[in-house]
Amino acid sequence: MSLDVRVGAELPELSPPPISRATLALFAGGSGDHNPVHIDLDAARAAGMADVFAHGMLSMAYLGRLLAGWAGQQRIRSMRVRFAAITPVHAALRCTGQVVAIDDQAGERRARIELRVSLPDGTTTILGDATVAID
């Protein structure tokens, strides 16, 4: 099976539910990242923040879900990201991707995807890219 892909194509956007305190607590338990700045308001304030904020890996996981939903997990060859800004609690994330190149690598046709997670005010919280086998 091959994907119908062209340079410039945009992946179907993923907009998960807004980040709740319950989401942060569940992600801390599931990921093993129990840094209190993500789940304890007192710890966040002691660190100079107004409130708790999301784990960067939570947003990265949503990008993984965006890719897997589009191409299937078995087609993902690489994914890398850079954390650019904090994701506040209650934020509504917008996960997007766009095909920027198609070429042959390691005996298969692959698409390079630029990835982004952004907030409603336009703030980019994560930038990245991925390589996906397309046939």
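1. A salt bridge here is a side-chain nitrogen of Lys or Arg within 4 Å of a carboxyl oxygen of Asp or Glu. Arg109 and Asp104 form one, with their closest N and O atoms 3.3 Å apart. Arg109 is partly exposed at 34% relative accessibility, while Asp104 is exposed at 58%. (Buried is under 20% relative accessible area, exposed over 50%, partly exposed in between, with a 1.4 Å probe and protein chains only.)

2. On the basis: this is a predicted model, where local features need pLDDT of at least 70, side-chain atom pairs count only at pLDDT 80 or more, and totals for chains, interfaces and linings use all residues. Residues are numbered from 1 along each chain as its sequence is written, and side-chain values use heavy atoms, with hydrogens and water left out.

3. How many salt bridges does the rule give? The count is six. One of them joins the side chains of Glu13 and Arg94, at 2.7 Å from N to O. Glu13 sits in the segment before helix 1 (21-31) and Arg94 in strand 2 (residues 94-105), so this pair ties together parts 81 residues apart in sequence. Helices (H or I, at least four residues) and strands (E, at least two) are DSSP runs, numbered from the N terminus. Both partners are partly exposed: Glu13 at 41%, Arg94 at 40%.

4. Arg21 and Asp51 also meet in a salt bridge, 2.8 Å from N to O. Arg21 is in helix 1, and Asp51 is in the loop between helix 2 (41-46) and helix 3 (56-71); the two are 30 residues apart. Arg21 is partly exposed at 40%, as is Asp51 at 21%.

5. Arg77, Glu108 and Arg110 belong to a network of salt bridges.

6. The largest pocket has a volume of about 200 Å³. A pocket is an open set of points on a 1 Å grid over the protein atoms alone, where a 1.4 Å probe fits, with protein on both sides within 12 Å along at least five of seven lines; lining residues have an atom within 4 Å of a point. The volume is the space filled by probe spheres set on the points.

7. Which strand gives the most to that lining? Strand 2 does, with four residues. Strand 2, strand 3 (108-118) and strand 4 (124-133) each supply at least two. Glu13 and Arg94 are among the lining residues.

8. UniProt lists residues 15-106 as "domain: MaoC-like", in an unreviewed entry. Such annotations may be inferred rather than shown by experiment. The span is 36% helix and 22% strand, and its end C-alpha atoms lie 33 Å apart.
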